[in-house]
Amino acid sequence: MLSLYLHFPFCKRKCSYCDFCSAVAGEGEIAAYCAALETEIGLYAEKYSRSSVDTVFLGGGTPSVVPAPLMRRVLQTLRERFVILPDAEFTSEANPGTVTAAWLDAIREAGANRLSLGVQAIQGRLLNTLGRIHTYEQALDAIALARKHGFANLNADAMFGLPSQTAEEYLDTLTALAQTGVTHISAYSLILEEGTPLHAAVTRGDYTLPDEDETADMMEQGIDRLEALGYRRYEISNFAKPGYECRHNLGYWRQKRYLGLGLAAASLLPTEPLDGDAAYVRHTNTDDLKTYLSCVSQGRLPTAERTPIPPAEARFETLMLGLRTTDGVSYADFERMHGMPLRQAYGTAIDKLAAIGLLMPETKAEPRLALNRRGLALQNTALMTLMEDR
Ligand code: SF4
């Protein structure tokens, strides 16, 4: 079973906090990229033609800036070259400022059944500070339009720790999003990345960010609010109505194999004979658009890095990723994946984490290693403890 990720590195305008692989581009550039993406799909399809695909994710950038006819063609090629299961979860990210009926039709026809909208906040002042291109009213329109086009499974992103944002404003955003009936909310803290306009503005003193304690407090209040509104926290930043957890992202946290296509896309792939006893291979495409286009046009994979992951590192990654989820890591799954009991690999660290009160109590029925709410808030401490026991 395989997951597919397709990257669309274009945005209508760059947000002030963004350091993702995305740029503003004209239709000609987007068309050339989409053609290259179709070629890359073909290059990989031979190799993975026998794997069934159970999740697809279109991310960016902004997939919704890709004109509908181009998107339709890319997704048609994808469906022709890969075996996408009829019940696959098929998500696309979208910016509320660029969603159109024609674009929704194009992705819906290709099987998309989940839409993830970057709403971020309901207050115009905060959306302006972030450099978002949309208003909250446009986000509401996008949600309504998506529903009209058959999307019942909707995610909305919300951000906290923003310049001048109060806890009340963040909670108002969560409540308003819940009132729209979205099935999933991703609630993220702003990460101020060097080199972004927002970083420069904060450094100049134009904006003040909430301090660490205020941000941590916002996060805790947000968790309480979302749980009270009927969303279960299943990962540090992700909350879902029962049954609406994102299968694609759960796959990342459970080290499921996935193939990333497009600029800067990352993959986690099965090993090949030359990889010796590695557990799997991490693989990244180039993040340089010219190199990407020229490699693909010559029929070569646009690989920038290919790293076989040794067994000990793979065991650590199982915990590093799995402990982001509230279900944590099953002892049985760990042993099945690595041929070694979890306690044999990390017994000392597990005892330390229990002693400092960061673990959920274990149940006898299906023993799992999972962080409690305090442990999730102190993830770095938990990871350091595990690292020391490597
Ligand atoms: S829409 Fe997303 S990817 Fe595009 S600039 Fe804004 S944050 Fe970055």
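## Basis of the values

Because the model is predicted, local features need pLDDT of at least 70 and side-chain atom pairs count only at pLDDT 80 or more, whereas totals for chains, interfaces and linings use all residues. Residues are numbered from 1 along each chain as its sequence is written, and side-chain values use heavy atoms, with hydrogens and water left out.

Cys18 is buried, with a relative accessible area of 12%; buried here means under 20% relative accessible area, exposed over 50%, and partly exposed in between, with a 1.4 Å probe and protein chains only. Gly61 is found in the loop between β2 (52-60) and α2 (68-81), with helices (H or I, at least four residues) and strands (E, at least two) taken as DSSP runs numbered from the N terminus. The peptide bond that leads from Gly60 to Gly61 is cis, with omega near 20°.

## Nonpolar cores

A nonpolar core is a set of buried Ala, Val, Leu, Ile, Met, Phe, Trp, Tyr and Cys residues joined through side-chain atoms within 4.5 Å. The largest such core has 69 residues, and those with the most contacts inside it are Leu6, Leu78, Phe82 and Leu115. Helix α1 (residues 27-48) gives the most to this core, contributing 9 residues. Apart from this core lies another, of 22 residues, among them Phe334, Leu342, Leu358 and Leu371.

When residues up to four places away in sequence are not counted, Phe82 touches Leu4, Ile41, Tyr44, Ala45, Tyr48, Val53 and Leu259, a contact meaning heavy atoms within 4.5 Å.

## Cysteines

With a disulfide defined as a pair of cysteine sulfur atoms within 2.5 Å, the count comes to 0 disulfides. For Cys295, the closest cysteine sulfur is that of Cys21, 15 Å away, which is too far for a bond. Cys295 counts as buried, at 7% relative accessibility.

## Aromatic pairs

The structure holds 7 aromatic pairs, in which rings of Phe, Tyr and Trp (its six-membered ring) have centres within 6.5 Å, with planes under 30 degrees apart counted as stacked, over 60 as edge-to-face and the rest as tilted. One of these pairs, formed by Phe10 and Tyr33, is edge-to-face, at 5.2 Å centre to centre and 85° between the planes. The pair links distant parts of the chain, with Phe10 in the loop between β1 (2-8) and α1 and Tyr33 in helix α1, 23 residues apart. Both Phe10 and Tyr33 are buried, and ring pairs link Phe10, Tyr33 and Tyr292 into a cluster.

## Backbone angles

Most residues other than glycine have a negative phi, and most peptide bonds are trans. Gln120, in strand β4 (residues 114-120), has a positive phi near 75° and is buried, with a relative accessible area of 7%. Ala264 also has a positive phi, of about 60°; Ala264 is found in the loop between β9 (258-261) and β10 (266-269) and is partly exposed, with a relative accessible area of 27%.

## Selected positions

Pro86 lies in strand β3 (residues 83-94) and is exposed, with a relative accessible area of 84%. Thr348 lies in helix α13 (residues 342-355) and counts as partly exposed at 49% relative accessibility, while the C-alpha atoms of Thr348 and Asp389, 41 residues apart along the chain, are separated by 6.6 Å.

Thr183, in the loop between α6 (167-179) and β6 (184-189), is buried, with a relative accessible area of 7%. Not counting residues up to four places away in sequence, Thr183 touches Ala152, Asn153, Leu154, Tyr231, Phe239, Ala240, Lys241 and Tyr244.
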